[in-house]
Amino acid sequence: MDFQLSEQQQDFRRALREFVEKEIIPVASEWERSGRDPIEIVEHLKAMGLFGMTTPEEFGGLSLDMVSFALVYEEIARGWMGIAGILGSHNLSCWMIAHHGTEEQKTRLLPSLASGKFRTGIGLTEPNAGTDLQGIGTTARLDGDHYLVNGTKTWITNARSADVLPVLVKTDTEATPPHRGMSVLLIDSKSPGFSVGRDLGKLGYKGTESCEVVLENVSVPVSDLLGGIEGRGMQQVLSGLEIGRINIAARSVGIAQAAFDASLAYAKQRTAFGKPIAEFQAIQLKLADIATELQAARLMTYWAASLADAGDRVDMQAGMAKYFASEVAIKASLEAMRIHGGYGYSTEYVIERLYRDAPLMSIGEGTNDIMRTVIAKALIAGSAFVR
Ligand SMILES: Cc1cc2nc3c(=O)[nH]c(=O)nc-3n(C[C@H](O)[C@H](O)[C@H](O)COP(=O)(O)OP(=O)(O)OC[C@H]3O[C@@H](n4cnc5c(N)ncnc54)[C@H](O)[C@@H]3O)c2cc1C
């Protein structure tokens, strides 16, 4: 196993880091607090080609390797995790279209999505079904050459910005098991009957909207059935979530890195009892724990990403990375708050934002309890994880 990033990956990380230092970190806390739309940052993301990370070059994307993909989320989340959300479900859906779409769908949609001219997200969760996606109630009834779609999706990141939204539906409500009757429709958000509700209030993850999407008799041409064959939706979504979990693991590493950086700097400059608090063993132990667990999370994330680059299915490895790294991020943000004392609780410092952003990493792209069942099932089925 090679633990070194390639020269190209190191250059890429350097460019990302410069961008984050210059364009994101100086504005993150203020824009987060005021709820300002980070439009200038979105324009930079477009210019850097980051809306096309998972789109093949032939359709105008970057065809990025998965380790570099992880670096993007890690570096951006180090500055402001919410900004990583703008790219997350967008690139997941581009990946699904690139891997499962028809040639016509790829040619029609991917170039505009890769440039950021069109935006997207992913519509899976419903008010009554999140983990249990086979329990969704959104239906698509075939009516001539169109589907009529009815249902409600919730917590949809980037919903208001999306030009086209891949939505998980039931094309056959009688199918057993239910996933055999599930499909993904690439729904044009301008379609009559497609409406985006209010932004849902949330603890953190500001900078990108999370909304309810209501679908009332939305007419969707059959040409917008992802891949052109019904009944493959669950499979398509699960394969997309695999890379989504690498993205969440990497964001978690970014959050933990930010917690460590702030803590180390603070511990060196804050004095108590006539010396920097970094000289107290209690503080040193916390710094050592954060750094050690952070590095383990990072290596596990790159490991899962590099296996994906080798063309393997990595549900278990991405699940391990996502589960471990997100717990590390949660712990790191809390330990960082302890190191900062009262200032850790203050909106003047970055720690309280990290503390609010970190828990989502244990929920998004499958909760950590589900990750553990994914890992266990793969192990029981005979997957070998030591490579
Ligand atoms: C800020 C934010 C942004 C989001 N963005 C999107 C998005 O863009 N698109 C989208 O489709 N969704 C999105 N989601 C939804 C997210 O994916 C779901 O919240 C998540 O999958 C969990 O589903 P749930 O909330 O319905 O919880 P539930 O499924 O109701 O789970 C509740 C609890 O029960 C546990 N549980 C459930 N089933 C089992 C089981 N079989 N075994 C053990 N434990 C179980 C869970 O682990 C959890 O602890 C977002 C959520 C948030 C908070």
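**Strands, domains and a ligand shell in a predicted model**

In strand 2, Asn-150 is the bridge partner of Thr-139. Strands here are DSSP runs of E with at least two residues, helices are runs of H or I with at least four residues, and both are numbered from the N terminus. The structure is a predicted model, in which local features need pLDDT of at least 70 and side-chain atom pairs count only at pLDDT 80 or more, while totals for chains, interfaces and linings use all residues. Residue numbers start from 1 along each chain as its sequence is written.

Strand 1 (residues 139-143) runs antiparallel to strand 2, with five bridges between them. Strand 6 in turn pairs with strand 5 (residues 194-199) over four antiparallel bridges, and Phe-194 faces Leu-215 in strand 6.

Most residues other than glycine have a negative phi, and most peptide bonds are trans. The bond from Thr-176 to Pro-177, however, is cis, with omega near -15 degrees, and Pro-177 is found in the loop between strand 3 (164-170) and strand 4 (182-188). Phe-273 has a positive phi, near 50 degrees, and lies in the loop between strand 7 (271-272) and strand 8 (275-276).

Turning to the overall layout, the chain is divided into domain 1 (7-115), domain 2 (133-232) and domain 3 (235-380), with bounds that come from an automatic or database domain assignment. The C-alpha centres of domain 2 and domain 3 are 31 Å apart. Eight residues of domain 2 are in contact with seven residues of domain 3, contact being defined by C-beta atoms, placed from the backbone, that lie within 7 Å. On the domain 2 side that touches domain 3, five residues are nonpolar, two polar and one charged. In this classification Ala, Val, Leu, Ile, Met, Phe, Trp, Tyr, Cys and Pro count as nonpolar, Asp, Glu, Lys and Arg as charged, and the others, Gly among them, as polar.

The ligand has 23 residues around it, of which Leu-124, Gly-130, Thr-131, Thr-157 and Thr-367 come nearest; a residue is near if its C-beta atom, placed from the backbone, lies within 6 Å of the molecule. Domain 2 and domain 3 each contribute at least three residues to this shell, and strand 2 and helix 10 (368-380) each supply at least two. By class, the shell has eight nonpolar, 12 polar and three charged residues.

Among the helices, helix 3 (residues 66-79) and helix 4 (residues 81-100) pack at an angle of about 145 degrees with axes 6 Å apart. Axes are lines fitted to C-alpha atoms over the stretch in contact, and angles run from 0 to 180 degrees between N-to-C directions. Tyr-73, Ile-76, Ala-77 and Gly-79 of helix 3 meet Met-81, Ile-83 and Ala-84 of helix 4, a contact with six nonpolar, one polar and no charged residues. Just after helix 7 (residues 281-309), Gly-311 takes a positive phi of about 90 degrees.

Technical notes
Contact = placed C-beta atoms within 7 Å. Pairing = 2+ DSSP bridges. Expected span 1.5 Å × (residues − 1).
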